[in-house]
Amino acid sequence: MNYRSTRDPSQQKTASQVIAQGISQEGGLFVPGQFPRLEDRLPELSGMSYQELAREIFRLFLTDFTEEEIASCVENAYRAEKFGGGEPVKLTPLPAEGEDKYLLELWHGPTCAFKDMALQILPHFLTVSLKKAQPGKEALILVATSGDTGKAALEGFQDVAGTRIAVFYPQDGVSPMQKRQMATQEGRNVMVCAIEGNFDDAQTAVKRIFTDGEMQELLARHGLLFSSANSINWGRLLPQIVYYFYAYFRLAEQGALSLGEPMDVVVPTGNFGNILAAYYGRKMGLPVRKLVCASNRNKVLTDFIRTGVYDRRREFHATASPSMDILISSNLERLLYDLSGEDSEKLRGWMESLSQKGCYQVEDAVGEKIRELFYGGFCDDEATFSTIRELWEKEGYLSDTHTAVAVNVYRQYLKEAGLPPVPTVIASTANPYKFSGSVLGALQADLLTQDDFQNVEALEQLTGVQAPQQLRQLREKPVRFTQVVEKDQAGTFVRQLVEQGGN
């Protein structure tokens, strides 16, 4: 299995090379040369545990890893004690939403967000990859985060030998709990910095650093190389494919469907990585009928799916679902590369237009393919809060803001699509206590305070649902990182980090 860049097909790499490198030198994203088909193997795979299924899928893509290396990565990442006991993900039925509707809870890991499913294993992938692709070098991992990726990456890479990690987040674009998680992060090899601006500013700054020739030379002189823990890194995206197969097999096990029958998948998304993983599962033979892409008020993806025009030249909204407050969805590039027939020249034109003009329009044939595969919808904060209340009142289920967006858009899809209902999996991406102020405000606004930990306590008393211990204990942890820089100073921050030899 070789990988190529979306913008330069002459860039051919092995799995360990693309995981170590993260992003191609010209800014393209690495994609597999082909996707194995698994539809004939569904009965064989359906009885596997999460760990067994992960090993089986990874071995198809990580062909320069040994079986022992893959097994070790999986064993270390998905230990039951890291995910609250049992399997790492859980399916929770929503009977009031209709028969065979389930939330796929992806947030039972150490940082209470779905990013743990990939970022608990990426450090193990990366250490193996470095030994193969860049022996003797250390990785400087740069991360732009809209909230959850940052903490999950910091937790995953904390004190991992041969790595340093720097996380950039928008100063006013994450929840208080997300900020507290990052600012109190322990570890000798970690650094956190806020950026004046939004997530797109942070992401653009990091991409610019990756492709800066002078910065590459500086790293080489210090025995370092850049890598990424964002979903632009294939080693971050690959693990997310696993849980869609796992969810499908649990539906079959519970009698919701027979193997080979379709399901719908609903994903709240901003950077398009989580829903792209479901699309890749479909390419591999997972019976997915429709991919429902749920957005908040920053509805650039909704508009693109419906019109074929991607236009980031619009007002940016800070919403109650901040992990989706994104106007430049990086992983969409991988989908467009695939649907355009792997036409790198055409893809480069679209990406250059986005960079220079702030917009692009795909041809009608590509737009039709997208609408055939995807449904795009959005909801604002008022609708999000209303959905949180309805889920609590009708289902007794306490939902975070991002999951509520997904449920709301799924309801829109049912009304608009006119398709017969099929078993549906709705990705639940974060524990509600990561956004306790918004959730409490949705249920009983007069209990809200300016103190997020008081909001946690009030939400516990109101609902009887206990907050995860790892969030409650943040109150007592000392704040380590308070630095804030202008968006054009991120490169200077990294340069000083390299020249000072660490943190």
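This is a predicted model: local features need pLDDT of at least 70, side-chain atom pairs count only at pLDDT 80 or more; totals for chains, interfaces and linings use all residues.

User: Why is Lys115 called buried?

Analyst: Lys115 has a relative accessibility of 9%, and buried means under 20%, so the label follows from the value. The residue lies in the loop between β5 (101-105) and α5 (116-119), and UniProt, in an unreviewed entry, lists Lys115 under "modified residue: N6-(pyridoxal phosphate)lysine".

User: What makes Arg289 and Asp264 a salt bridge?

Analyst: The side chains of Arg289 and Asp264 meet at 2.8 Å, N to O, and the rule asks for a side-chain nitrogen of Lys or Arg within 4 Å of a carboxyl oxygen of Asp or Glu, so the pair qualifies. Arg289 belongs to strand β11 (residues 288-295) and Asp264 to strand β10 (residues 263-268), so that the bridge links distant parts of the chain, 25 residues apart.

User: Why is Asp264 called buried and Arg289 partly exposed?

Analyst: Asp264 has a relative accessible area of 1%, and because buried means under 20%, that label applies to Asp264. Arg289 has a value of 22%, which falls between the limits of 20% and 50%, and is therefore partly exposed.

User: How do you know that Lys477 and Glu186 form a salt bridge?

Analyst: The N to O distance for Lys477 and Glu186 is 3.9 Å, and since the cut-off is within 4 Å, the pair is counted as a salt bridge. Lys477 sits in the loop between α21 (469-472) and β16 (484-486), whereas Glu186 sits in the loop between α8 (176-183) and β8, 291 residues apart. By this rule the count comes to 27 salt bridges.

User: Which residues gather in a patch of negative charge on the surface, and why can Glu196 be part of it?

Analyst: The patch gathers Asp172, Glu196, Glu486 and Asp488. Glu196, found in strand β8 (residues 190-196), has a relative accessible area of 37%, and because patch residues need over 30%, Glu196 passes that cut-off.

Definitions and conventions. Residues are numbered from 1 along each chain as its sequence is written. Side-chain values use heavy atoms; hydrogens and water are left out. Patches are made of residues with over 30% relative accessible area and no salt bridge: like charges are joined within 9 Å, nonpolar side chains (Val, Leu, Ile, Met, Phe, Trp, Tyr) within 5 Å. Accessible areas come from the Shrake-Rupley method with a 1.4 Å probe; for residues, only the protein chains shown count as cover. Lys and Arg count as positive and Asp and Glu as negative; His and the chain ends are not counted. The place of a charge is taken as NZ of Lys, CZ of Arg, CG of Asp or CD of Glu. Helices (H or I, at least four residues) and strands (E, at least two) are DSSP runs, numbered from the N terminus. Buried means under 20% relative accessible area, exposed over 50%, partly exposed in between (1.4 Å probe, protein chains only). UniProt positions are given in the numbering used here, feature names are shortened, and annotations may be inferred rather than shown by experiment.
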